Amino acid sequence: QGLLLIDGRMQIKYANGAGAIFLKARREEVIGADAPKHLDPAVLAAVKDVVSGAARARLTVEVERRGDEPGARNGSMLRFSVRPIRREDQISALVFVEDVTQQRVADESRNSFVASATHELRTPLTNMRLYIDQMVEDENLEPAKRAQALNVISTEARRLERIVGDMLSVAQIEAGQLKLNKGDVRLEPIFQDLQADFAEQARQKQLRLKFELPPKWPAMSGDRDKLVLALHNLVGNAVKYTPEGGEVIVRVGESGGQLSVDVIDTGIGIKDDEADLIFERF
């Protein structure tokens with residue numbers, strides 16, 4: 001923490017090394033200098049309120065410091081905590097300075113995470129509610145429509161499960177706690193479930209969804225849940241962003257003990273300047 005002591009004449013009477021660094025000056029330049037020379041106007045206003053007696057409690061001001069390099073956008077966020085202190089029957093201001101940049105980034109990241117999660121969860125929940133309401137309100141619902149409603153509810157429930165798993169993975173990655181639960185993985189059921197999960201969505205969009213699978217599946221070791229999550233993201237995006245009447249092919253091959261999965265579509269593609277964004281969460 002940086003520490004500054006400012007008297008009633010708005011002179012800096014003391015500064016520790018950290019305080020001088022936060023003010024981007026040498027310590028000998030800060031001590032004895034006029035506070036307006038080194039402090040942001042918002043901080044000066046808080047100091048004046050304290051030394052004049054107008055503010056008896058601690059005041060907190062946050063100031064964003066832009067980067068020094070040309071065109072810099074992101075700088076540091078400094079928090080100045082100003083509190084009164086009596087010295088020789090006069091009120092001075094004791095100023096604590098700390099860098100809260102990482103805290104602010106973490107707060108923004110958490111808020112973004114919550115907003116994204118809320119958006120992702122809303123669609124499957126809405127679909128489930130609509131079909132449940134249909135079944136409850138229409139006691140004489142045709143068996144075929146009832147079966148369709150149950151199928152949609154089941155599909156959306158699995159989708160919710162994947163979204164929650166995705167969010168937990170993001171939280172673990174950001175906390176540096178992600179661990180892979182490796183074990184034997186049976187591949188054939190995974191791709192059978194993929195076909196079942198996206199068949200209806202492809203039918204509604206009149207897409208040709210083809211799975212080109214090997215006649216014999218190799219033994220594999222890995223984290224089944226993470227593998228399923230990755231495949232669902234790839235195939236789901238291909239189906240979602242391929243216009244009606246298009247084609248999505250999932251081609252699985254095996255060579256030299258390595259499994260390759262190609263997801264090929266006639267979709268809209270990704271702009272070159274947006275390609276890096278595919279690694280952003282959600």
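Three strands build an open sheet with mixed pairing, in the order β7-β9-β10. Strands here are DSSP runs of E with at least two residues, helices are runs of H or I with at least four, and both are numbered from the N terminus; two strands pair if DSSP finds at least two bridges between them. Please keep in mind that this is a predicted model, where local features need pLDDT of at least 70, side-chain atom pairs count only at pLDDT 80 or more, and totals for chains, interfaces and linings use all residues. Residues are numbered from 1 along each chain as its sequence is written, and side-chain values use heavy atoms, with hydrogens and water left out.

- Five bridges join β7 to β9 (residues 247–255) in the parallel sense.
- Opposite Glu-212 stands Arg-251 in β9.

**Helices on the sheet**
- Helix α6 (residues 187–204) lies across β7, β9 and β10 and runs at about 170° to β7.
- Helix α7 (residues 224–240) packs on the sheet and touches β9 and β10, contact meaning heavy atoms within 4.5 Å; the direction of α7 makes about 20° with that of β10.

**Positive phi in loops**
- Met-10, in the loop between β1 (2–6) and β2 (12–15), has a positive phi of about 65° although it is not a glycine.
- Met-10 is buried, with a relative accessible area of 11% (buried means under 20%, exposed over 50%, partly exposed in between, using a 1.4 Å probe and protein chains only).
- Lys-24, in the loop between α1 (17–22) and α2 (27–30), is a residue other than glycine with a positive phi, near 60°.

Notes. Axes fitted to C-alpha atoms, helices over the stretch in contact; angles between N-to-C directions.
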